[in-house]
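Please work through the exercises below with the sequence and the model open side by side. Each task is followed by a solution that goes step by step.

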Amino acid sequence: MSQTTIHMNDVNKWFGTMHVLRDINLTVNKGEHLVLCGPSGSGKSTLIRCINALEEIQGGTIEVNGNVLGKKGANVDHVRRDVGMVFQQFNLFPHLTVLQNCMLAPRRIHRISEAEAKDKAMHFLEQVHIAEHGHKYPAQLSGGQQQRVAIARALCMGPQIMLFDEPTSALDPEMVKEVLDTMVGLADQGITMICVTHEMGFARAVAHRVIFMDRGEIIETAPPTEFFGNPQHERTRAFLSQILNH
Amino acid sequence: MIRTFGFPELLFILDGAKWTVLMSLAAFLFGGLLGLLVALARTSKIRPARFLALCYIQLFQGTPLLIQLFIVYFGLPIIGIRVELWLALITGLSLHASGFLAEIWRGSIQAVPEGQTEAARALGLGYISRMRDVVLPQAFRISLPATVGFMVNLVKGTALAALLGLTELTRAGQLMSNITFEPLKVYATVGLVYFAICLPLTLVSSRLERRLNARG
Ligand SMILES: Nc1ncnc2c1ncn2[C@@H]1O[C@H](COP(=O)(O)OP(=O)(O)OP(=O)(O)O)[C@@H](O)[C@H]1O
Ligand SMILES: [Mg+2]
């Protein structure tokens, strides 16, 4: 577990005049699981969205599996093929069935046959325990089921890295567990994961490192036992006392 | 000589209706294709393309269809293109339709949530697949009522071709009314024929809408 897969070097990002990422330096090893937390607006989503080039950066470089992002549009396609993403709002394609959602990208990008794409989709839908709903449309599923489909859809592209942006925060409480369990299962398979979440139980169970961000900066990085047991920074402590006491 | 309104007169009117249907179909087809390109330009990331598309849409929305038809009909020969009347009319109607459809579809494309495009980008899908597989099918559903409403209006709008001398449905009715002195019968027939042309459009669209909505 020492091979670097993501390397962010002095990354800076502005939205207009707002400086949302400040000198971000982060190295992620293959198979590592990171949890990213911090107050609302601190730049967590922006940070992970930069990794698959959904956002452009204005300073620094990001290297993903040896492909350097940074200059406009360079290597974007390569990087996106290695990186899967799961969104807070699921973002399933509502006009396509669950199976079609999972088959679209592999068919278009890997140009595999319909039968092969279907096999692959079924494989990952089984992994997230939702294969029996393959013929349904997203609107016919619960939030937790939709999010599991979204995870399967990303996995169908065979990513080496998975990004999660608050995957459970749009869910009703009783559905959070099924999605977290799915993610734990994924972590056990050794995929590289960066997960924005405030589910601290998940962080303790799965994360190798927890990263705390505030106002566009990485304030603290530590393994979960240290992070929760003995946070070094005042801002981290203030944040933790807020989310652990509500 | 006064004729009564009988079968030959009805046939004459139906012969006019042939032009109405032909012009409408051609304008849907060519106007739709061109309109799609303009709508894509209007929603693209390329600033000059957006601006040109905006000008195009404004031009056709801001001037009467009749004037557009006159300009195409009398303008084409000036730039050295001699065309038959019907071809000029189809060109004019298609341009007109493209401007309006582009604006309807622009709105529909933009009404598809941003998260859809983002999810497609995150999967690595390129622009063409994002549009064809993800955005346009959803925009199509959103635009259906407005698109069909415009098409129905376009069918009726083809009546302006009469003013340039084409014997389409309305003009055919006029001629038959003049020789039979039975305007009420004749125009009621003409109205029914228009209705019969537009009815399938609205029927198909409401069926399609029901089917698409069934997906929840
Ligand atoms: N597209 C955008 N245009 C302008 N400003 C933006 C945009 N996206 C985010 N921002 C701003 O950038 C800052 C960081 O946003 P970001 O979404 O990364 O925060 P976050 O840590 O994910 O917050 P949350 O916990 O609320 O999701 C915020 O101040 C936000 O308002
Ligand atoms: Mg966020």
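This is a predicted model: local features need pLDDT of at least 70, side-chain atom pairs count only at pLDDT 80 or more; totals for chains, interfaces and linings use all residues.

Residues are numbered from 1 along each chain as its sequence is written, chains are lettered from A and ligands numbered from 1 in the order in which they are written, and side-chain values use heavy atoms, with hydrogens and water left out.

**Exercise 1. Determine the strand order of the four-stranded sheet in chain A, and name its edge strands.**

Solution. Begin with the terms: strands (E, at least two residues) and helices (H or I, at least four) are DSSP runs numbered from the N terminus, and two strands pair if DSSP finds at least two bridges between them.
Step 1: the open sheet has the order E2-E1-E4-E5 in chain A, with antiparallel pairing.
Step 2: strand E2 (18-29) and strand E5 (67-69) of chain A are the edge strands, each of which pairs on one side only.
Step 3: from one strand to the next the twist averages 20°, where axes are lines fitted to C-alpha atoms, for helices over the stretch in contact, and angles run from 0 to 180 degrees between N-to-C directions.
Step 4: strand E1 (residues 4-15) of chain A is joined to E2(A) by eight bridges, and A:Ile6 has A:Val28 as its bridge partner in E2(A).
Step 5: E1(A) and E2(A) form a hairpin with two residues between them, and A:Gly16 in the turn has a positive phi of about 60°.
Step 6: three bridges join strand E4 (residues 59-64) of chain A to E5(A), and A:Glu63 has A:Val68 as its partner there.

**Exercise 2. Find the residues A:Asp10 and A:Asp23, and state where each lies and what its phi is.**

Solution. Recall first that most residues other than glycine have a negative phi, and most peptide bonds are trans.
Step 1: A:Asp10 is in strand E1 of chain A, and its phi is near 50°, a positive value.
Step 2: A:Asp10 has a relative accessible area of 39%, so it is partly exposed; on this scale buried means under 20%, exposed over 50% and partly exposed in between, with a 1.4 Å probe and protein chains only.
Step 3: A:Asp23 is in strand E2 of chain A, and its phi, also positive, is near 45°.

**Exercise 3. Describe the six-stranded sheet of chain A and the helix H1 that packs on it.**

Solution. Step 1: this open sheet has the order E6-E7-E8-E3-E9-E10 in chain A, with mixed pairing.
Step 1: E6 and strand E10 (217-222) of chain A stand at the edges with a single partner strand each, so one side of each is left without a neighbour in the sheet.
Step 2: direction ignored, neighbouring strands of this sheet are turned by 20° against each other on average.
Step 3: strand E3 (residues 33-37) and strand E9 (residues 209-214) of chain A run parallel and are joined by four bridges, with A:Leu36 opposite A:Ile211 in E9(A).
Step 4: helix H1 (residues 44-51) of chain A packs on the sheet and touches E3, E6, strand E7 (161-165), strand E8 (192-196) and E9 of chain A, its direction making about 155° with that of E7(A); contact means heavy atoms within 4.5 Å.

**Exercise 4. Which residues line the second largest cavity?**

Solution. Step 1: on a 1 Å grid over the protein atoms alone, a cavity is a set of points where a 1.4 Å probe fits but cannot get out, and lining residues have an atom within 4 Å of a point.
Step 1: the second largest cavity is lined by A:Met85, A:Phe87, A:Ala150, A:Arg153, A:Ala154, B:Ala119, B:Ala122 and B:Leu123.
Step 2: helix H5 (143-155) of chain A and helix H5 (114-122) of chain B are the elements that give two or more residues to this lining, and H5(A) gives the most, with three residues.

**Exercise 5. How many helices and strands does chain B have?**

Solution. Step 1: chain B has eight helices and zero strands.
Step 1: of the 216 residues in chain B, 44% are buried.
Step 2: its C-alpha atoms fill a box of roughly 75 × 50 × 20 Å, taken along the principal axes.

How values were computed
On a 1 Å grid over the protein atoms alone, a cavity is a set of points where a 1.4 Å probe fits but cannot get out, and a pocket is an open set with protein on both sides within 12 Å along at least five of seven lines; lining residues have an atom within 4 Å of a point.
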